[in-house]
Amino acid sequence: MWITPLAVWAQNLSQENIEKVSFLDTSLTHTDLTVHHCVAAYNIGIAYLIKNSGDREGAFHTMETYIYESGCSELKTWWESIWNGEML
């Protein structure tokens, strides 16, 4: 899996550009837009943590904001299920 190295590489990009490179990279192996959004959310969270070591709450908030603003209803449902303990 090369998602984390991509996040490291993209850490200094804007959130919009992290999303773009995540989509471009993921489109090589996946056609499902939900997967693209998942990878973008993950990369945005990792980039945040690299810049703000240990601030896990900030990373989760940054990812959550992206997820809700992305308009990806399936990812939003997954995120809410995780927080409600339904996917554990």
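This is a predicted model: local features need pLDDT of at least 70, side-chain atom pairs count only at pLDDT 80 or more; totals for chains, interfaces and linings use all residues.
Residues are numbered from 1 along each chain as its sequence is written, and side-chain values use heavy atoms, with hydrogens and water left out.

Lysine 20 forms a salt bridge with glutamate 16, and their closest N and O atoms are 3.4 Å apart. The term stands for a side-chain nitrogen of Lys or Arg within 4 Å of a carboxyl oxygen of Asp or Glu. The two residues are four apart in helix H2, so about one helical turn separates them. Helices here are DSSP runs (H or I, at least four residues), numbered from the N terminus. A search of the whole structure turns up one salt bridge.

Now head inside. The largest nonpolar core has 14 residues, and Ile18, Tyr66 and Ile67 have the most contacts within it. Such a core is a set of buried Ala, Val, Leu, Ile, Met, Phe, Trp, Tyr and Cys residues joined through side-chain atoms within 4.5 Å. Helices H1 (3-10), H2 (15-26), H3 (33-51), H4 (56-70) and H5 (73-83) each give it two or more residues, and the largest share, four residues, comes from H3.

Take a look at tyrosine 66. Leaving out residues up to four places away in sequence, tyrosine 66 touches Gln15, Glu19, Phe23, His37, Ala40, Ala41 and Ile44; contact means heavy atoms within 4.5 Å. Threonine 62, in helix H4, is buried, with a relative accessible area of 16%. Beyond its neighbours within four places in sequence, threonine 62 is in contact with Gln15, Ile44 and Tyr48.

On to H5, whose buried residues are Leu75, Trp79 and Ser81. They lie on the same side of H5 because they cover an arc of only 160° around the axis, taken from the directions from the helix axis to the C-beta atoms. Their cover includes H3 and H4. After H5 comes glycine 85, with a positive phi near 75°.

How values were computed
Buried means under 20% relative accessible area, exposed over 50%, partly exposed in between (1.4 Å probe, protein chains only).
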